[in-house]
Amino acid sequence: MSLYRNAIWFLNGIQQYTRSGYEVASKEFDPRDLDVSVVGRSFMITGANSGIGKATAVAIAKKGGTVHMVCRNKDKAEEAKEDIVTKSGNTEVYIHIVDMAQSRKVWEFAEAFKKQYPSLNGLINNAGCMVHKRELNAEGLEKNFATNTMGVYILTQTLIPLLQKSRDPRVITVSSGGMLVQKLEVDDLQSMKGYFDAVMVYAQNKRQQVVLTEQWAKANPVIHFSVMHPGWVDTPAVSTSMPQFHRMMEDRLRTVEQGADTVVWLALSRVASRTRSGQFFQDRKPVPTHLPLAWTHSSAEEIQSFMTQLENLSKAVQLQPASFHTDPSQLVDKHQ
Ligand SMILES: NC(=O)c1ccc[n+]([C@@H]2O[C@H](COP(=O)([O-])OP(=O)(O)OC[C@H]3O[C@@H](n4cnc5c(N)ncnc54)[C@H](OP(=O)(O)O)[C@@H]3O)[C@@H](O)[C@H]2O)c1
């Protein structure tokens, strides 16, 4: 079954996720959708120093928005900020140094941000990674899970009260079409069982982001949540984490602006805010979250177990001193 899933996914990808896929899809875009001004509104973008995140920051700054860049590397962040300011002519660009893999630090940052700023109109969970070896963060969480899922969960949950009191609040999470090959796996969030396949761990995290978005949308009707696939985009993440794929697809990869287009559309356009909250987008359209006959659907119990585990891990991170090393296996919700 997984062979069938992967083959269907790749063939779909060649047609839709490439630069030519974008060119075909974009013929249906209405340029007036992005004829907006967001002066006075603020947007937080994680991983805003590179690739899709930086292209999103430039586009939002050009529309007058205040940009909060959340980056882990000060030098890279400052260099990117200079470029964003130059390209947009907007000086309302601020840097926050946070490693999204460090769960407690993410929570401390979000708490401090919530106290310091009166509003936040958009949160763009863009930072993502594919770490090829099984490594743990300070809290004992596997690093891909910590960055791609736990960091997104803690940041978003902590900022929800601030988003709720802001105008037209939106949360956009940059997932991946790669998640289509994975079913939510609730019994091994730390990838402790079997062979550690980073590509599949990453795809699992991206599936987790889709499930999280659906659950957030149900629980928080005031905020518009969406999750999206940017297509296959020529960025450092692809050339360093998947060098073979990058070499094979190099001429067909999307530009960062093409990859960021749907993020920007979801963050800024009025049309996007009128779509149903909680959906998965590709090229400005909601698309299915499962391949036909792929057996990737989860039961209500599995989803509940996943959400409970995230909440338990998040509470453990908040309650304990910074040096605390969580034993995640103690926090697993035994749903069966
Ligand atoms: N490119 C694609 O084809 C593609 C396809 C599907 C989904 N995506 C998703 O798109 C998003 C953006 O990636 P990209 O392709 O634009 O790659 P990129 O240019 O390498 O950008 C990734 C960004 O995430 C940041 N980041 C990674 N780990 C972090 C951490 N622990 N704390 C803070 N920031 C961290 C990186 O910071 P540093 O610069 O310091 O490393 C960088 O700013 C990711 O979520 C990725 O999974 C990309």
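Predicted model: local features only at pLDDT ≥ 70, side-chain atom pairs only at ≥ 80, totals over all residues.

Q: Good to know. How many helices and strands does the protein chain have?
A: The secondary structure comes to twelve helices and eight strands. The radius of gyration of the chain is 19 Å, close to the 20 Å that the globule rule gives for 336 residues, so the chain is as compact as a globular protein of that length.

Q: And what box do the C-alpha atoms fill?
A: Along the principal axes, the box is roughly 50 × 45 × 40 Å.

Q: What share of the residues is buried?
A: Buried residues make up 46% of the 336 in the protein chain. As for contacts with a separation of 6 or more, 76% of them are between residues 24 or more positions apart.

Q: Let's switch to the ligand. Which residues come nearest to it?
A: There are 28 residues around the ligand, and those that come nearest are Gly-47, Gly-51, Gly-128, Thr-235 and Ala-237.

Q: Which helices supply at least two residues of that shell?
A: Helix H3 (51–62) does, and so does helix H8 (236–241).

Q: Now helix H10. What span should its 13 residues have?
A: H10 covers residues 256–268, and at 1.5 Å a residue it should span 18 Å. Its end C-alpha atoms are 18 Å apart, which agrees.

Q: Where does H10 bend?
A: At Thr-262, by about 30°. Thr-262 is also one of the buried residues of H10.

Q: Is H10 mostly covered or mostly open?
A: Mostly covered, since twelve of its 13 residues are buried. Among them are Val-256, Asp-261, Trp-265 and Leu-268.

Q: Last topic: where is Val-38?
A: Val-38 is in the loop between helix H2 (19–25) and strand E1 (42–46).

Q: Does Val-38 count as buried or partly exposed?
A: Partly exposed, because Val-38 has 19 C-beta neighbours inside 10 Å, and a residue needs 20 or more to be buried.

Q: What is Val-38 in contact with, beyond its neighbours within four places in sequence?
A: Its contacts there are Ile-60, Lys-63, Gly-64, Gly-65 and Leu-268.

Conventions
Residues numbered from 1 in each chain as written. Near = placed C-beta within 6 Å. Helix = DSSP H or I, 4+ residues; strand = E, 2+ residues; numbered from the N terminus. Rg over C-alpha atoms; globule rule 2.2 N^0.38 Å. Contact = placed C-beta atoms within 7 Å. Expected span 1.5 Å × (residues − 1). Bend = angle between axes of the 7 residues up to and from the residue.
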